[in-house]
Amino acid sequence: MSKIKPSKGAPYARILGVGGYRPTRVVPNEVILEKIDSSDEWIRSRSGISTRHWAGDEETVAMMSIEASGKAIADAGIAAEQIGAVVVSTVSHFAQTPAIATEIADKLGTQKAAAFDISAGCAGFGYGLTLAKGMIVEGSAEYVLVIGVERLSDLTDLEDRATAFLFGDGAGAVVVGPAQEPAIGPTVWGSEGDKAGTIKQTVPWDKYRVGDVEHLPLDSEGNVKFPAITQEGQAVFRWAVFEMAKVAQQALDAAGITPDDLDVFIPHQANERIIDSMVKTLKLPEHVTVARDVRTTGNTSAASIPLAMERLLATGEAKSGDTALVIGFGAGLVYAATVVTLP
Ligand SMILES: CC(C)(COP(=O)(O)OP(=O)(O)OC[C@H]1O[C@@H](n2cnc3c(N)ncnc32)[C@H](O)[C@@H]1OP(=O)(O)O)[C@@H](O)C(=O)NCCC(=O)NCCS
């Protein structure tokens, strides 16, 4: 017989508030064309992207996270002191240690909230949401702040025509808290490490140690290049189109609903053609609002789903209480899909 008391959590969890931060600098395709042989028409038709935001010096990972979180906390109607845990999903915080989450938790004014970073690429938001739900139901936190934040412009090789136009910067945050009825469905998630090489950093950090310089990539002027995200575009595209629609369907099944029951679809904003293909495969009815934030935000990895969610609510295209399917997928390869009630 165990002597340990069971922990007491809430019966269910829900997203209570959402907030986003987009850097002030808007970058049109014309700027991308300064470094690659392409065209505005090609970029728009192949990816759907016409503009993206790039962060300035002041718009750090911490600063963007704090701005987005402040809005999410206000939207949730709680105080920062009530937050018990801060989960930050990012691949563009450039200190190996400590996690950026602790600085964010402190600057927001939480009372020593548990704080940590996770690395789950473009599925990071779904991974963070799943952890948050677990903490609330298990009882280790009453409110959890989940942040997806990226400065992918720091990790973009502007001379690589396969990726230069894809990425953007920004932060999205949600507050997750207790609920009396289910508002975050079962997560369908996983990884396919056999495809780890299809989206990756060009050169690992340790190669930048003095002595390894001759093995580093150089730009067109002979300068050592900073690491960048590189990908096998077609392989990733095919995987996203064929495999992720199945995962999305599994998340609907797990939540016990059909596409007819959905109000909103918020897939990871990677490429509008992937979004179109998933809408078709899932046979989403006309009444379902589909997030297309990628057009003006680009791919912001972990930030893309909460940023798109915030925009749909802000423009009135979606409303509080709507039922939304969210799915993230990317580097790892990893994925996570679930059905949520919008805050
Ligand atoms: C990157 C992506 C838009 C490229 O589109 P694509 O249709 O697969 O393009 P391909 O790489 O097959 O190239 C097709 C042609 O366009 C050319 N091309 C490639 N990049 C180009 C560019 N930026 N501008 C103009 N032409 C380009 C290629 O040279 C090729 O020409 P060819 O047919 O004469 O050989 C697409 O693969 C994609 O979106 N992949 C998934 C990306 C993604 O979502 N990643 C993140 C997941 S989290």
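In this predicted model, a salt bridge joins the side chains of R22 and D293, at 3.2 Å from N to O. R22 is placed in the loop between strand 1 (12–21) and strand 2 (25–28), and D293 in the loop between strand 12 (289–290) and helix 8 (294–297), so the pair ties together parts 271 residues apart in sequence. Both R22 and D293 are buried. The structure holds 15 salt bridges.

**Salt bridges**

- Through salt bridges with shared partners, R22, D293, E310 and R311 form one network.
- K225 and D157 also meet through their side chains in a salt bridge, with an N to O distance of 2.7 Å.
- This pair links distant parts of the chain, 68 residues apart: K225 belongs to the loop between strand 9 (199–201) and strand 10 (229–231), and D157 to the loop between strand 6 and strand 7.
- K225 has a relative accessible area of 18% and is therefore buried; D157, at 17% relative accessibility, likewise counts as buried.
- A further salt bridge connects the side chains of D40 and R44 (2.9 Å, N to O).
- D40 and R44 are both part of helix 2 (residues 40–47) and stand four residues apart, about one turn of the helix.
- D40 is partly exposed, because its relative accessibility is 22%, and R44 is partly exposed with a relative accessible area of 42%.

- T163 is located in the loop between strand 6 (143–151) and strand 7 (169–179).
- With a relative accessible area of 0%, T163 is buried.
- A polar contact of 2.8 Å connects the side chain of T163 with the side chain of D160.
- When residues up to four places away in sequence are not counted, T163 touches T156, D157, I229, T230 and Q231; D157 is also the salt-bridge partner of K225.

**Nonpolar cores**

- The largest nonpolar core has 44 residues, of which I32, M244, F265, M278, L325, I327 and F329 touch the most other members.
- Two or more residues of this core come from each of helix 6 (233–255), helix 7 (272–281), strand 13 (323–330) and strand 14 (334–341).
- Helix 6 supplies the largest share of this core, nine residues.
- Leaving aside neighbours within four places in sequence, M244 is in contact with W239, M278, I327, F329 and Y335.
- Another core lies apart from this one and has 35 residues, including A123, F125, A308 and A324.

**Backbone geometry**

- Most residues other than glycine have a negative phi, and most peptide bonds are trans.
- T97 and P98 are joined by a cis peptide bond with omega about 0 degrees; P98 is in the loop between strand 4 (83–89) and helix 4 (100–108).
- G332 and L333 are likewise joined by a cis peptide bond, with omega about -15 degrees, and L333 belongs to the loop between strand 13 and strand 14.
- K112, a residue other than glycine, has a positive phi near 55 degrees.
- K112 is part of the loop between helix 4 and strand 5 (114–118) and counts as exposed at 83% relative accessibility.
- K283 is not a glycine either, yet its phi is positive at about 55 degrees.
- K283 is found in the loop between helix 7 and strand 12, and its relative accessibility of 67% makes it exposed.

Technical notes: Residues are numbered from 1 along each chain as its sequence is written. This is a predicted model: local features need pLDDT of at least 70, side-chain atom pairs count only at pLDDT 80 or more; totals for chains, interfaces and linings use all residues. Side-chain values use heavy atoms; hydrogens and water are left out. A nonpolar core is a set of buried Ala, Val, Leu, Ile, Met, Phe, Trp, Tyr and Cys residues joined through side-chain atoms within 4.5 Å. Buried means under 20% relative accessible area, exposed over 50%, partly exposed in between (1.4 Å probe, protein chains only). Contact means heavy atoms within 4.5 Å. A polar contact is a pair of N or O atoms within 3.5 Å; within protein, one must be able to donate a hydrogen and the other to accept it, and residues adjacent in sequence count only if both atoms are side-chain atoms. A salt bridge is a side-chain nitrogen of Lys or Arg within 4 Å of a carboxyl oxygen of Asp or Glu.
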